[in-house]
Amino acid sequence: MSDQMSDQQTVAAASVPPTETAAPTTSPAAPEAPAPAAPRPPRRALRAVARWTAAVLVFGGLGTGTALVITSAERGDVPGLATEDDGRWAYPKLSLPALPAGSPRPFTEANAAQIHHADLRELLLPAPAGSTPDKALNGGWVKQERFLSEYRAEDRDELDQLLTDTPPRHIAARGWTMPDGTRARIYLLRFDSAGAVTDVQRELNIGVTMRWPLAGAEEVAFDTTWKSTRAVEGVASYVFTVKAPHGDAHTRQAYSVAGDTLALIVHDRPGEAEAARIPFQQTVILQNQLLG
């Protein structure tokens, strides 16, 4: 009897061959006892075999540099994986865009400057199934004024001056609305260098006091449910949620710093209910995967 085991992201299963028993002899006087069944490998061993098999296949597929594979995290820790219904959104299969000939991926030894050479628009997370696209944030370029509109009116002049002194080369954005009313927006700002992103991060006080909060999200706190195990190599994320009680809408937001690119990810849901935590963290993880 074969005992097939599957484990989280495993793409191959280990099985136990059927146990054979020796047939008795024809002599009625001295029947031969059946041979003992071969010991079954412990379940942990089967899981280890499955993991190593999956790892070999995953790393073998990374040679093309185009496939985005979610690896090395627990199923419950990566909300992009299919599992029991817990509110996560159904995103399409992700893949990294092609690079210009001879251009390295960010965060590799050949790219010490941490530059994203891919088209910034192709690094935006696509909208999930069942969503209604935001026509103003359709995955293309947006003007600086559109990005500034996410912030309080009284802070926009100062923020505009910051982005004039340290201007982004491009801003790309995508937005959508889910059936429960949750609005999602993702902005990617690419600067001339990773150092410029660090300067903007410092001026924004990201990770400290949030010098310029988003409109309607003046009082925020770090999301303590965000785990360091969800980090993507090369990408630092700062995840916040509005403090209770919230106003007309509940907002979750995150800034992700990835080399020469700064991402702002926002989910807000009007009404008394909070913007769901799992879909938001799912969005952050998958967007970080594309940037990393």
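# Close-up views of a predicted protein model

**Figure 1. Overview of the chain.** The protein has five helices and seven strands. Helices (H or I, at least four residues) and strands (E, at least two) are DSSP runs, numbered from the N terminus. Read from the N terminus on, the elements follow the order α-β-α-α-β-β-α-β-β-β-β-α. This is a predicted model, in which local features need pLDDT of at least 70 and side-chain atom pairs count only at pLDDT 80 or more, while totals for chains, interfaces and linings use all residues. Residues are numbered from 1 along each chain as its sequence is written, and side-chain values use heavy atoms, with hydrogens and water left out. Of the 292 residues in the protein, 42% are buried. Here buried means under 20% relative accessible area, exposed over 50%, and partly exposed in between (1.4 Å probe, protein chains only). The protein exposes about 15,700 Å², and carbon and sulfur atoms supply 54% of this area. Accessible areas come from the Shrake-Rupley method with a 1.4 Å probe; for residues, only the protein chains shown count as cover. Among the contacts with a separation of 6 or more, 63% are between residues 24 or more positions apart. A contact means heavy atoms within 4.5 Å.

**Figure 2. Surroundings of T166 and A196.** T166 is found in the loop between α3 (156-165) and β2 (170-177). T166 counts as buried because its relative accessibility is 18%. Not counting residues up to four places away in sequence, T166 touches F191, A196 and V200. A196 has its place in helix α4. With a relative accessible area of 11%, A196 is buried. Leaving aside neighbours within four places in sequence, A196 is in contact with T166 and F191. A196 can also be compared with P168: the two are 28 residues apart in sequence, and their C-alpha atoms are 8.7 Å apart in space.

Figure 3. A pair of aromatic rings is described by the distance of the centres and the angle of the planes. Rings of Phe, Tyr and Trp (its six-membered ring) pair if their centres lie within 6.5 Å; planes under 30 degrees apart count as stacked, over 60 as edge-to-face and the rest as tilted. The count by this rule is six aromatic pairs. One of them is formed by F147 and Y187, which are edge-to-face, with 5.4 Å centre to centre and 75° between the planes. This pair links distant parts of the chain, 40 residues apart: F147 is in helix α2 (residues 144-148) and Y187 is in strand β3 (residues 183-190). F147 counts as buried because its relative accessibility is 3%. Y187 is buried as well, with a relative accessible area of 0%.

**Figure 4. An aromatic cluster.** Ring pairs link W89, Y91 and W176 into a cluster.

**Figure 5. Salt bridges between separate parts of the chain.** A salt bridge is a side-chain nitrogen of Lys or Arg within 4 Å of a carboxyl oxygen of Asp or Glu. By this rule the protein has 16 salt bridges. One of them joins R211 to E158, with the closest N and O atoms 3.6 Å apart. This pair links distant parts of the chain, 53 residues apart: R211 is in the loop between α4 (194-204) and β4 (220-222), and E158 is in helix α3. R211 counts as partly exposed at 36% relative accessibility, and E158 is partly exposed with a relative accessible area of 43%. D192 forms a salt bridge with R169, and their closest N and O atoms are 3.9 Å apart. D192 lies in the loop between β3 and α4 and R169 in the loop between α3 and β2, so the pair ties together parts that are 23 residues apart in sequence. D192 is exposed, with a relative accessible area of 56%, whereas R169 counts as partly exposed at 48% relative accessibility.

Figure 6. R202 forms a salt bridge with D199, and the closest N and O atoms are 3.0 Å apart. R202 and D199 are separated by about one helical turn because they are three residues apart in helix α4. R202 counts as exposed at 51% relative accessibility, while D199 counts as partly exposed at 36%. Elsewhere, salt bridges that share partners join R146, E150, R183, R185 and D268 into one network.
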